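Let's take a walk through a protein structure together. Have the sequence and the 3D view open, and follow along as we go.

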Amino acid sequence: MPEIAIRCEHTEVVPCADLKPHPKNPNKHPAEQIELLAKLIHFHGWRSPILVSKRSGYVVAGHGRLAAAIHLDCPAPVDYQDFDNEAEELAFVVADNKIAELSSIGDAALQSILKQLERDGLDTELAGVIAELDKDIEPEAQY
């Protein structure tokens with residue numbers, strides 16, 4: 001079992017076998033994503049805990065992190081959250097998955113960061129990106 005640094009606030013560290021994924025979580029995590037997330041956690045340490053509902057005992061955010069922790073065979077930092085009812089809990093489960101989808105990434109800015117990481121000798125996958133650098137994109141002006 002690897003020793004993974006914990007660099008986030010959390011209530012306790014819990015063995016993965018004690019955590020219950022939310023049965024109504026609509027988000028699916030492909031193996032490639034879990035392997036990359038495990039690589040990120042191994043390198044960066046835990047930067048976000050897994051959130052668990054005090055009401056139901058289910059994971060409400062961090063299903064991918066849970067799968068990565070299982071892949072790494074390590075316990076996970078957990079933070080327990082209060083929810084008044086099932087509807088509030090389910091709304092949070094969906095919102096946690098969907099809100100990030102509303103953002104977009106500036107390709108030129110991303111390429112600039114990836115090139116910097118590459119120059120610094122860091123594996124660009126450690127930025128959560130599985131892609132080759134596009135050497136032809138010019139950085140966007142920053143305001």
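We'll start with the overall layout, then move to the sheet, the helices, the cores and a few aromatic rings.

A quick word on the ground rules: this is a predicted model, where local features need pLDDT of at least 70 and side-chain atom pairs count only at pLDDT 80 or more, while totals for chains, interfaces and linings use all residues. Residues are numbered from 1 along each chain as its sequence is written, and side-chain values use heavy atoms, with hydrogens and water left out.

First, the big picture. The protein chain has four helices and five strands. Here helices (H or I, at least four residues) and strands (E, at least two) are DSSP runs, numbered from the N terminus. The C-alpha trace spans about 50 × 35 × 25 Å along its principal axes. Of the 143 residues, 33% count as buried. Buried means under 20% relative accessible area, exposed means over 50%, and partly exposed is in between (1.4 Å probe, protein chains only).

Now for the sheet. In general, strands of a sheet pair through backbone hydrogen bonds, either parallel or antiparallel. In what order do the five strands line up? They form an open sheet in the order β1-β5-β3-β4-β2, and the pairing is mixed. The edge strands are β1 (12-14) and β2, each of which pairs on one side only. To count as a pair, two strands need at least two bridges between them, as found by DSSP.

Let's cross the sheet from the β1 side. β1 and β5 are antiparallel and share three bridges; here you can find Val14 opposite Ala76 of β5. Next, β3 and β5 run parallel, joined by four bridges, with Leu51 standing opposite Asp79 of β5.

Time for the helices. Helix α2 (residues 63-72) lies across β2, β3, β4 and β5, running at about 120 degrees to β4. Helix α3 (residues 86-98) lies across β3 and β4, at about 45 degrees to β4. These angles run from 0 to 180 degrees between N-to-C directions, and the axes are lines fitted to C-alpha atoms, for helices over the stretch in contact. Which residues of α2 are buried? They are His63, Gly64, Leu66, Ala68, Ala69 and Leu72. The buried residues of α2 pack against β2 (20-21), α1 (31-44), β3 (50-53), β4 (58-61) and β5 (76-81). Contact, by the way, means heavy atoms within 4.5 Å. Just after α2, look for Asp73, which takes a positive phi of about 55 degrees.

That brings us to the cores. A nonpolar core is a set of buried Ala, Val, Leu, Ile, Met, Phe, Trp, Tyr and Cys residues joined through side-chain atoms within 4.5 Å. The largest one has 18 residues, and those with the most contacts inside it are Leu19, Trp46 and Ile50. α1, β3, α2 and β5 each give two or more residues to this core, and α2 provides the largest share, four residues. Leaving aside neighbours within four places in sequence, Leu19 is in contact with Val14, Ile50, Val52, Val59, Leu66, Ala76 and Val78. There's also a second, separate core of five residues, including Leu51, Val60, Ala61 and Val93.

Finally, the rings. Tyr58 is found in strand β4, and at 26% relative accessibility it counts as partly exposed. Lys20 lies over the face of Tyr58, 5.3 Å from the ring centre; the rule is that NZ of Lys or CZ of Arg is within 6 Å of the ring centre and within 35 degrees of the ring normal. Tyr58 and Leu19 are 39 residues apart in sequence, yet 7.1 Å apart in space, C-alpha to C-alpha.

The structure also holds one aromatic pair. The rings of Phe83 and Phe92 have centres 5.6 Å apart and planes at 55 degrees, so the pair is tilted. Rings of Phe, Tyr and Trp (its six-membered ring) pair if their centres lie within 6.5 Å; planes under 30 degrees apart are stacked, over 60 edge-to-face, and the rest tilted. Phe83 is buried at 11% relative accessibility, whereas Phe92 is partly exposed at 30%.
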